[in-house]
Amino acid sequence: MSDIQRAPKGTFDRLPPDSAAYLAARDALVAPLLTAGYGYVETPVFEETAVFSRGVGESTDVVSKEMYTFADRGGRSLTLRPEFTAGVMRAFIEHRLYAGALPAKLWTVGSAFRYERPQAGRYRHFTQVSVEALGVDDPALDAELVALADAGFRGLGLTDYDLQLTSLGDATCRPQYRDLLVAFLAGLDLDEDTRQRAAINPLRVLDDKRPEVQAQLADAPLMVDHLSDTTKAHYDAVRQHLSDLGVTWVEAPRLVRGLDYYTKTTFEFVHRGLGAQASIGGGGRYDGLSAALGGPDLSGIGYAVGVDRTILAAQAEGLDIPVTGGTEVFVVHLGEEAKRFAVRLVGQLRAAGVAADTVYGGRGLKGAMKAADRSGAARVVVVGDRDLAEGVAQVKTMATGEQVAVPLGELAESLRASV
RNA sequence: GUGGGUGUAGCUCAGCUGGUAGAGCGCCAGGUUGUGAUCCUGGAUGUCGCGGGUUCGAGUCCCGUCACUCACCCCA
């Protein structure tokens, strides 16, 4: 197959009927936000490159090697968003939302792009639900966000996952801890790659998956043991609120995130039924981000959920994602007069809010019934010129095979009432 | 960017030590000129990923290449 007959590497098409589960999953992840005071925000799919390089951090893998960056015809450097938070923060600053009521509680959903080697659950084009609460540094807000993410997963029936939680400290205590860790890592026997990684961000070495590395890290200093009094108090309060909200978590003192802006509370939802890309959602507080983008020195907290990974997780748990919609009434016709009638009836039903469909293209009655069956409609109207002459149409209940003649005048109302 | 695995029908796959392609499902049609799902019968669709090599002969062996996939890394 040639390249123009194939979606680009790391991308995929969503097709019916599976696409219905995608819509349902997306809506389920969003549902908790709609009853929690969050407003929908939509920002461009691309931003000025600096929004991400300064927001996410130059030293991150995302910025240094995974961005889709291009020059437009006006010579601007633009980048397809690799995540949502930086763009939403840019909008928050641009429209001076910080001058209004705080926290600004915002959510969005859409495509993000990263140039990565594709893998199970990792795509170059993926979909996230992203949620932010900006402008207020209150541990109760941290707990709210975590609980909302959790509620989204629970709403789909997911249970086989862990909520990993930790605190990454802040500008007052992380630098000292970082120095401690760097000193500790210097005494270890690490390969060149890992040393490079340590030089860029020593915290990342902590979650190295290789056993020979983990063995050396047994006595590594941990951020949670070196929090300042205020960040520790913040973290304690977050945990208290989470308990009050009935959310369970596991302490993950080695949890590291790849975006530089995270501070204090940091969390990740890790599913046990997935492969290497097991993180179905994650987020944290990012108190320096607004300032990094030239805005006021305001705090923020947010999370992102991977819609595609959430669907994979649901599949791994054998969950059916309930889909809404689908054809309720299917109209099968025989003869020219009946076809006109069918087209008209379908129009009436749809106008009355009944999901209706009919058969197009000349196929026999058997083929039309097959199409009716496939549509999933509970009721099928069979109407031929012969029925019209008698002033009736046949209404068949597919599950039972039972079929009754209904006078044309009562047909639309009878069908509307039956679905 | 680095490794491993796999490329045969729309889908899932079979095809032994080389002898010019198969099954199941799906699709279409007929059995039933006005009835789906069940049953029976029939039918269509393949440059066996692509290019080269070895051979009388390659889906099968060799080389290259591309794609997909899993893992490292990173993250949703």
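Student: What span does UniProt list for the class-II family profile domain, and how far apart are its ends?
Tutor: This is a predicted model, in which local features need pLDDT of at least 70 and side-chain atom pairs count only at pLDDT 80 or more. Residues are numbered from 1 along each chain as its sequence is written. The unreviewed UniProt entry lists residues 24–322 as "domain: Aminoacyl-transfer RNA synthetases class-II family profile"; such annotations may be inferred rather than shown by experiment. The end C-alpha atoms of residues 24–322 lie 7 Å apart, and the span is 36% helix and 22% strand.

Student: How do α5 and α9 cross?
Tutor: The axes of α5 (residues 139–155) and α9 (residues 229–244), lines fitted to C-alpha atoms over the stretch in contact, come within 8 Å and cross at roughly 45°.

Student: Which residues of α5 and α9 make the contact?
Tutor: On α5 they are P139, A140, D142, A143 and V146, and on α9 H234, A237, V238, H241 and L242, contact being heavy atoms within 4.5 Å. The residues of this contact comprise 7 nonpolar, 2 polar and 1 charged (Asp, Glu, Lys and Arg count as charged; Ala, Val, Leu, Ile, Met, Phe, Trp, Tyr, Cys and Pro as nonpolar; the others as polar).

Student: New topic: is A120 buried or exposed?
Tutor: A120 is exposed, with a relative accessible area of 60% (exposed is over 50%, buried under 20%, with a 1.4 Å probe and protein chains only).

Student: And where is A120 placed?
Tutor: A120 is in the loop between β5 (104–113) and β6 (125–134), strands being DSSP runs of E of at least two residues and helices runs of H or I of at least four.

Note on methods
Chains are lettered from A and ligands numbered from 1 in the order in which they are written. Side-chain values use heavy atoms; hydrogens and water are left out. Axes are lines fitted to C-alpha atoms, for helices over the stretch in contact, and angles run from 0 to 180 degrees between N-to-C directions.
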